[in-house]
Amino acid sequence: MRLSSLADYAVVMMSAAARHCGGVARLNATLLSEETGVPLPTVQKLVSRLSAAGLIESTRGTGGGFRLSRPPSSISLADIIEAVEGQIALTACVDGAAQDCCIDQTCKVKPHWNAVNGAVRGALAGVSLASLSQVPA
């Protein structure tokens with residue numbers, strides 16, 4: 001399993017935002033792009049997704065910018081990944097959408113995927129943005 005570049009960049013951006021006064025100070029996309037190395041158009045795209053997911057608050061105009069919508073300790077790695085990628089699911093057969101699986105009707109493993117997905121999500125939910133934003137010793 002590997003995160004997409006967008007999900008990875010979102011984690012990098014959110015970590016940088018958390019380091020700025022615990023996410024209380026307002027940031028702008030240009031500053032975040034310069035600090036993280038994430039290209040400005042990508043930062044702008046991710047700000048939109050993270051805002052739609054309720055992880056950041058965005059204000060336009062003079063003095064505008066964005067900041068975390070809640071303390072870094074209450075935002076998890078799972079929250080960030082799901083804001084960009086959607087629901088955490090290792091296989092397509094558990095999300096209820098139509099798929100093209102030739103063994104869907106007879107698969108004996110399918111009933112167990114929800115438990116696996118829950119375990120993966122639980123592990124990611126156990127990692128807070130606060131811990132990701134700390135500088136390693």
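The structure is a predicted model, so to speak of local features takes a pLDDT of at least 70 and side-chain atom pairs count only at pLDDT 80 or more, while totals for chains, interfaces and linings use all residues. Residues are numbered from 1 along each chain as its sequence is written, and side-chain values use heavy atoms, with hydrogens and water left out.

Helix α2 spans residues 29–36 (helices are DSSP runs of H or I with at least four residues, strands are E runs of at least two, numbered from the N terminus). Its buried residues (under 20% relative accessible area, 1.4 Å probe, protein chains only) are Ala29, Leu32 and Ser33. These cover an arc of only 100° around the axis, which puts them on the same side of α2; the arc is taken from the directions from the helix axis to the C-beta atoms. They pack against α1 (5–19), α3 (40–52) and β2 (65–68), with contact meaning heavy atoms within 4.5 Å. Just after α2, Gly37 has a positive phi of about 85°.

Elements giving two or more residues to the lining are α3, β1 (56–59) and β2, and α3 has the largest share, three residues.

Definitions and conventions. Buried means under 20% relative accessible area, exposed over 50%, partly exposed in between (1.4 Å probe, protein chains only).
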